[in-house]
Amino acid sequence: MSELKGREKTSSGFYVTKEAPIVTDNPVPTPSVPAPDILRCAYMELVVTDLAKSREFYVDVLGLTVTEEDENTIYLRSLEEFIHHNLVLRKGDVAAVAAFSYRVRSPEELDKAVAFYTELGCRVERRTEGFTKGIGDSVRVEDPLGFPYEFFYDVEHVERLAWRYDLYTPGALVRLDHFNQITPDVPRAVKFMQDLGFRVTEDIQDEEGTVYAAWMRRKPTVHDTAMTGGDGPRMHHVAFSTHEKHNILAICDKLGALRMSDRIERGPGRHGVSNAFYLYILDPDGHRVEIYTQDYYTGDPDNPVVTWDVHDNQRRDWWGNPVVPSWYTNGSLVLDLDGNPREVVAGTDASEMAVTIGADGFSYTRDEEGDKGFKLGNTL
Ligand SMILES: [Fe+2]
């Protein structure tokens, strides 16, 4: 295989560039007004069908802290968090995501969010009293990609429990790290997110320039959200950080001990993309949760953009272990602002699963002719 067009290949097998120009033949128009200044991904609102079962999973098994709860809703946070919640579990009939919520730098940024999405013709709703407990003035939108996004600044502060080692479990979750979204047209989505102020940290492409997935940030880590190609809009996963690799192994051991190993979908392993150690697990409704640790700092303005060849079988697992097909195909529905599931549109680009595994796909470990070294595994 030849190198991806004009890129500098590193000794680790991926490519680096200074910028990530995105080519799309179907762009969302760039608004004339400035985007809101987003700080970070802050929380996700998830609709779950059995609140007691979900509480058992997120509180008893994963150890998230209950900030507040009532008969219909549970507000949870991680150990290092000082805002009211990182995850809202709300009881409902259809398991889905009600909001991907971001904190902005100041209250004034909400006016910018309203203007930005209004110019795009999106549905915009602002509630000065907030959409959830613990959070004040907030803007929710149905974004041009079909996702329910929220922006807020005002929030109730709660105790940061980072020093409370008596509360830590071997698999303690310390921060919300990122979201991951499934969208049928990744270049269109990435271009829109760049207009919203996100910067690309890493992506996966082929020689023709097809972009299969991209990781984008506001805070100085690898990402606040990622776009994964596929039928969408859907949610691929929500990710929480833990401090060390051993915390992830402890979660696996605990799930085994509880005879819940069927909740482990993929991993544990080391990602190529992001360099993070990972585990993917499924909640009682099938919402995918990633446990994530040890990615890298990206805060410098000239942070290099990393591109992986879609045929490099170390891109998604550094040890070359295969990705289970369900990880490529399954995801959670997302809701509109009335609470109805958004229609899922079939992906338009080539499927990453199809081009890398199975009868028609190929992957390599070493990029030299005759010595590709791909181990397929036995999960297909
Ligand atoms: Fe992730």
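Two residues are taken to be in contact when their C-beta atoms, placed from the backbone, lie within 7 Å. Helices (H or I, at least four residues) and strands (E, at least two) are DSSP runs, numbered from the N terminus. With that in hand, the buried residues of α4 pack against β16, β17 and β18 (288–293).

A word on what you're looking at: this is a predicted model, where local features need pLDDT of at least 70, side-chain atom pairs count only at pLDDT 80 or more, and totals for chains, interfaces and linings use all residues. Numbering runs from 1 along each chain as its sequence is written.

**Helix α4**

Let's stay with α4 for a bit. The helix has 13 residues and reaches 19 Å from its first C-alpha to its last, close to the 18 Å expected at 1.5 Å a residue (the expected span is 1.5 Å times one less than the number of residues). Buried here means 20 or more other C-beta atoms within 10 Å of a residue's own, exposed means 12 or fewer, and partly exposed is in between, with C-beta atoms placed from the backbone. On that count Asn247, Ile248 and Ile251 are buried in α4. Looking down the axis of α4, its buried residues fall within an arc of 105°, so they line one face of the helix; the arc is that of the directions from the helix axis to the C-beta atoms. On the face turned away from that buried side, α4 carries the exposed residues Asp253, Gly256 and Ala257.

Just after α4, Arg259 takes a positive phi, and Ser274 is another non-glycine residue with a positive phi. Then there are cis peptide bonds, one from Gly232 to Pro233 and one from Gly267 to Pro268.

| Feature | Angle |
|---|---|
| Gly232–Pro233, cis | omega about 10° |
| Gly267–Pro268, cis | omega near 10° |
| Arg259, positive phi | phi about 55° |
| Ser274, positive phi | phi near 80° |

Where do these sit? Pro233 is in the loop between β14 (225–229) and β15 (234–241), while Pro268 lies in strand β16 (residues 264–270). Arg259 is found in the loop between α4 (245–257) and β16, and Ser274 in the loop between β16 and β17 (277–282).

**Domains and core**

Zooming out, the chain is divided into domain 1 (38–156) and domain 2 (172–356), with bounds that come from an automatic or database domain assignment. Their centres, taken over C-alpha atoms, are 19 Å apart. The contact takes 39 residues from domain 1 and 35 residues from domain 2. On the side of domain 1 that touches domain 2, the elements giving two or more residues are β3 (38–48), α1 (51–61), β7 (96–104), β8 (123–127) and β9 (138–142). The largest share of that side, ten residues, comes from β3.

A nonpolar core is a set of buried Ala, Val, Leu, Ile, Met, Phe, Trp, Tyr and Cys residues joined through C-beta atoms within 7 Å. The largest one has 86 residues, of which Met44, Leu87, Val97, Val190 and Ala214 touch the most other members. β3 gives the most to this core, with eight residues. Domain 1 and domain 2 both give residues to this core, so it lies between them. For a local view, Ala214 is in contact with Val186, Val190, Val200, Asp203, Ala226 and Met227, leaving aside its neighbours within four places in sequence.
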